[in-house]
Amino acid sequence: MSEDLDAEDRAPMEGWVATDLQDEFPELRVLAIEVDAPLRRRSPPAIKAQLRDLSSRFHGAQAVTMRRQPIPHAYRVFFRHIGLDPDTTRTPIEAAALERIMRGGFKSRGRVEDALLLALVETGVPVWALDADRVAGPLGIRAALRGERLGEGELADDLPPGRLVVADADNPVGILFGELAASRIPTKETRRLRIFTVQVAGVPAIHVEEALWACANALADRS
Amino acid sequence: MVVIDELHEHLAEARGGVAAPAGAPDREAGHRARRDLRLQVRRLERELADTLIAAFPRAGVDVAVPAHGGPRVLGLAELEQLRDDLAEKLRRARRVVEERGEEEARNRELLERMLRHPERYRFATLPNRDLGESGCGVWQVRPRLGIIGMLAGWWHVKLSSGCPLAPWRPLPGPLPRSIPGRWESAVASGRCPTLPGGLPWPRPRRPNAGARSRARRARRRPPRRSGRPCRSPRS
């Protein structure tokens with residue numbers, strides 16, 4: 001409990017957005033918090049029960065009408081603004097809704113993944129987790145530079161220049177609303193997690209912070 | 001529709017403003033034009049979503065506007081193209097919804113007439129989905145008491161309920177059942193029947209399926225005590 005209180009005392013860390021992007025999208029923000037990685041990789045029964053509750057509260061018709069709700073709509077619009085088709089590259093909440101319908105429920109896939117999913121479904125705001133020890137400095141959003149790659153080693157993907165990425169002080173850590181670099185995602189050895197989210201125009205700040213704290217609480221819950 | 005017209009007017013103004021006589025638009029004008037286009041895209045996306053939801057549960061209202069490439073900052077031309085595509089898709093979707101609405105209104109009138117004078121619409125059928133309603137129900141004009149009603153002119157309208165079962169289709173040929181893995185390959189090659197969703201029928205059981213497990217259970221079962229019946233005979 002004291003851990004929760006400590007976490008709640010801290011405000012989310014505000015990330016940076018490249019100046020040219022800030023001019024185009026003035027309300028684009030990156031927020032992050034750091035929490036201890038969970039000791040066990042499997043979700044406790046309480047988290048699984050919460051996923052089941054969310055599954056039963058979620059219906060097929062909601063998946064269709066979701067695009068008219070303010071927060072999913074805001075992410076859909078932002079997807080359009082950055083050249084993505086939200087009906088092909090689904091927004092995170094719509095992807096979760098589709099998965100719920102296809103699989104018949106939100107399936108538990110691990111402690112961290114479940115915490116991210118809970119935060120996403122409860123608030124509509126997507127959150128991602130990185131290994132905090134492998135991230136240098138605050139996170140931000142910028143366009144990829146020529147010759148940059150996502151990840152390290154032979155399996156790293158080339159990034160076309162101009163591709164919007166989430167980056168730390170050194171390198172891209174993931175494509176914006178896309179895949180994360182394999183070398184930065186949490187593993188068994190991860191001690192600290194950097195949970196981050198992306199706020200776009202039309203999404204109230206309170207929902208963004210709520211998503212971060214919902215995720216942190218799900219990870220801190222030791223029951 | 002008015003909104004689209006407004007958008008076209010706005011586009012014309014924006015184009016006029018951007019295409020300044022001096023040549024290339026300056027940074028501020030370009031920025032302003034992109035911001036205006038993003039607002040239009042936001043509005044069109046909202047209206048497209050409204051149209052799709054208004055059409056629900058009807059299928060076939062296409063609202064997809066494909067995009068190419070990954071996340072990036074779109075230039076003026078790309079934003080214009082996106083806005084035009086969205087406007088065109090919205091126009092088409094609205095036309096489809098409008099046409100279907102008219103058709104459904106006609107069908108509802110037809111249903112009223114069928115209910116009022118069933119003898120004029122003998123054996124007519126009207127699915128619920130043609131009325132804009134969900135479910136698999138079908139309104140049918142049928143004779144009461146079968147042939148008697150047909151002869152006597154007793155007609156009435158019935159609403160069937162429930163979705164029909166998947167239609168049975170004959171097997172295209174003998175199914176390979178003996179060799180493991182052949183069923184999967186038969187499914188993959190389309191030689192076995194599939195359900196409407198493309199899913200294969202359940203794998204057929206072998207004639208002697210379960211014989212081995214039955215034999216195993218029989219071996220585990222404790223032997224009966226000889227000379228003593230399982231149940232006490234009633235006298």
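How many residue pairs are in polar contact between chain A and chain B? I counted eleven, both residues of each pair being at pLDDT 80 or more; a polar contact is a pair of N or O atoms within 3.5 Å, where within protein one must be able to donate a hydrogen and the other to accept it, and residues adjacent in sequence count only if both atoms are side-chain atoms.

I note that this is a predicted model, in which local features need pLDDT of at least 70 and side-chain atom pairs count only at pLDDT 80 or more, while totals for chains, interfaces and linings use all residues. Residues are numbered from 1 along each chain as its sequence is written, chains are lettered from A and ligands numbered from 1 in the order in which they are written, and side-chain values use heavy atoms, with hydrogens and water left out.

**Entry: the interface**

I found 24 residues of chain A and 27 residues of chain B in the contact (heavy atoms within 4.5 Å). I then looked up the salt bridges (a side-chain nitrogen of Lys or Arg within 4 Å of a carboxyl oxygen of Asp or Glu) and found five across the interface. One of them joins Glu24(A) to Arg34(B), with the closest N and O atoms 2.6 Å apart.

On the side of chain A that touches chain B, helices H2 (19-24), H4 (60-65) and H5 (70-81) each supply at least two residues (helices are DSSP runs of H or I, at least four residues; strands are runs of E, at least two; both are numbered from the N terminus). H5(A) gives the most, with five residues.
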